[in-house]
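Subject: Structure handover

Hi,

Here is the structure I promised to pass on. Please open it and keep it beside this message as you read.

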Amino acid sequence: MAERTFVVNAPLDQAREVVLNVFTSEGWTVSPFSGDTVQISRGKKGMSVVFGALMGDDFYLSQNLQFGTGPRGETLVRYLSWTASAFIGGAIGMHKSLKTHEEYVAKLAQVLQSQGLLLGMQ
């Protein structure tokens, strides 16, 4: 799955707060993962293992966000998508994961742009 990098014109803490709010406001759970990376997840993992992609909105999804500082002091937010959903839900799970990833790429871009913080996206 394709990762996206958002170039944000805000200090690291402010960018982290704005980005994570997009997910937490829609029911995602945020957990520290490692160093500069947080894991966001939603859905029911155990039930998704049993019933796969048939879980609908409760299908388990997990993705990572990495926060860092660019060469000119800008904040870089890498939005990484995991393929774990493919193993849980097969082809349908992969499709759901890809679709959700793209939806949130658009949501993040819209929120950052509306606040005048988005410098670019790669």
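Below is what I found, from the whole chain down to single residues.

First, a caution: this is a predicted model.

**The whole chain**

The protein chain has 3 helices and 6 strands. Read from the N terminus, the order is β-α-β-β-α-β-β-α-β. Of its 122 residues, 41% are buried. The chain exposes about 6,500 Å². Carbon and sulfur atoms supply 54% of that area.

Residues 24 or more positions apart account for 61% of them.

**Strand E3**

Start with E3, which spans residues 37-42. This strand is mostly covered, with 5 of its 6 residues buried. Here "buried" means under 20% relative accessible area.

Which strands pair with E3? One is E2, residues 29-34. E2 and E3 run antiparallel and share 5 bridges. Find Ser 31 and you will see Gln 39 of E3 opposite.

E2 and E3 also form a hairpin, with 2 residues between the strands. Check Gly 35 there: its phi is positive, near 45°.

The other pairing to look at is with E4, residues 61-69. E3 and E4 are antiparallel too, over 6 bridges. In this pairing, Ile 40 stands opposite Gln 63 of E4.

**Where to begin**

Best wishes

Conventions: Residues are numbered from 1 along each chain as its sequence is written. This is a predicted model: local features need pLDDT of at least 70, side-chain atom pairs count only at pLDDT 80 or more; totals for chains, interfaces and linings use all residues. Side-chain values use heavy atoms; hydrogens and water are left out. Buried means under 20% relative accessible area, exposed over 50%, partly exposed in between (1.4 Å probe, protein chains only). Helices (H or I, at least four residues) and strands (E, at least two) are DSSP runs, numbered from the N terminus. Two strands pair if DSSP finds at least two bridges between them. Contact means heavy atoms within 4.5 Å. Accessible areas come from the Shrake-Rupley method with a 1.4 Å probe; for residues, only the protein chains shown count as cover.
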